Amino acid sequence: QVQLVESGGGLVQAGTSLTLSCAAPGDSVNNYAMNWFRQAPGKEREFVAAIFRDAGVADAYYGNPVKGRFFLSRDYAKNMVYLQMNSLKPGDTATYYCAAGKLVRGSLPAWENMDYWGKGTLVTVSS
């Protein structure tokens with residue numbers, strides 16, 4: 001199985017920025033959409049962002065809570081995915097998971113449909 005490795009989490013103050021990274025082993029998930037999910041204590045895991053390439057064109061999709069604040073990018077040459085998080089809020093506090101799944105046209109990425117994921121990295125945003 002493919003194991004993804006997230007990094008970059010930590011304790012930050014509200015209003016600041018933080019970038020999370022997701023490393024994949026080689027190019028094993030180059031044919032997968034890469035996603036970020038997050039789960040706060042006592043809450044359901046929720047979709048954050050996804051990046052994919054369809055017909056050779058890269059595109060990204062963001063969940064409503066992070067639209068306009070979070071930005072997802074992918075570096076195929078480095079087998080890395082980055083989630084830039086800006087204007088962080090206490091509500092962004094959660095464990096963030098990188099996950100890979102096959103692109104399903106017209107469907108919102110769901111955790112249950114992911115094929116590979118990492119252990120997660122904790123992001124804590126203080127007031």
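I began with the largest nonpolar core: of its 28 residues, Met 34, Trp 36, Leu 83, Met 85 and Tyr 96 touch the most other members. A nonpolar core here is a set of buried Ala, Val, Leu, Ile, Met, Phe, Trp, Tyr and Cys residues joined through side-chain atoms within 4.5 Å. Buried means under 20% relative accessible area, exposed means over 50%, and partly exposed lies in between, with a 1.4 Å probe and protein chains only.

A note on what I am reading: this is a predicted model, where local features need pLDDT of at least 70, side-chain atom pairs count only at pLDDT 80 or more, and totals for chains, interfaces and linings use all residues. Residues are numbered from 1 along each chain as its sequence is written, and side-chain values use heavy atoms, with hydrogens and water left out.

Strand 9 gives the most, with 4 residues. Strands are DSSP runs (E, at least two residues), numbered from the N terminus.

I also found a second, separate core of 7 residues, which includes Phe 47, Ala 50, Tyr 97 and Trp 111.

**Entry: Tyr 96**

What does Tyr 96 contact, leaving aside its neighbours within four places in sequence? I listed Glu 6, Leu 20, Trp 36, Phe 37, Arg 38, Val 48, Phe 70, Leu 83, Met 85, Gly 120, Thr 121 and Val 123. Contact means heavy atoms within 4.5 Å.

Strand 9 is mostly covered, as 8 of its 8 residues are buried. I then checked its pairings; two strands pair if DSSP finds at least two bridges between them.

- Strand 4 pairs with strand 9 in the antiparallel sense over 7 bridges, and Ala 33 has Gly 101 in strand 9 as its bridge partner.
- Strand 11 runs antiparallel to strand 9 and is joined to it by 3 bridges; Thr 95 stands opposite Leu 122 in strand 11.
- Strand 10 (residues 116–117) also runs antiparallel to strand 9, with 2 bridges; Ala 100 stands opposite Tyr 116 in strand 10.

Next I traced an open sheet of 4 strands, in the order 1-3-8-7, with antiparallel pairing. Strand 1 (5–7) and strand 7 (70–75) stand at the edges with a single partner strand each, so one side of each has no neighbour in the sheet. The twist averages 15° from one strand to the next; axes are lines fitted to C-alpha atoms, for helices over the stretch in contact, and angles run from 0 to 180 degrees between N-to-C directions.

Within this sheet, strand 3 (residues 18–23) and strand 8 (residues 80–85) pair over 6 bridges. Leu 20 stands opposite Leu 83 in strand 8.

**Entry: two loop residues**

Is Asp 92 buried or exposed? Asp 92 is buried, with a relative accessible area of 2%, and it is found in the loop between strand 8 and strand 9 (94–101). Its side chain makes a polar contact with the side chain of Arg 69 at 2.8 Å. A polar contact is a pair of N or O atoms within 3.5 Å; within protein, one must be able to donate a hydrogen and the other to accept it, and residues adjacent in sequence count only if both atoms are side-chain atoms.

Gly 56 lies in the loop between strand 5 and strand 6 (57–62). Gly 56 is exposed, with a relative accessible area of 63%.
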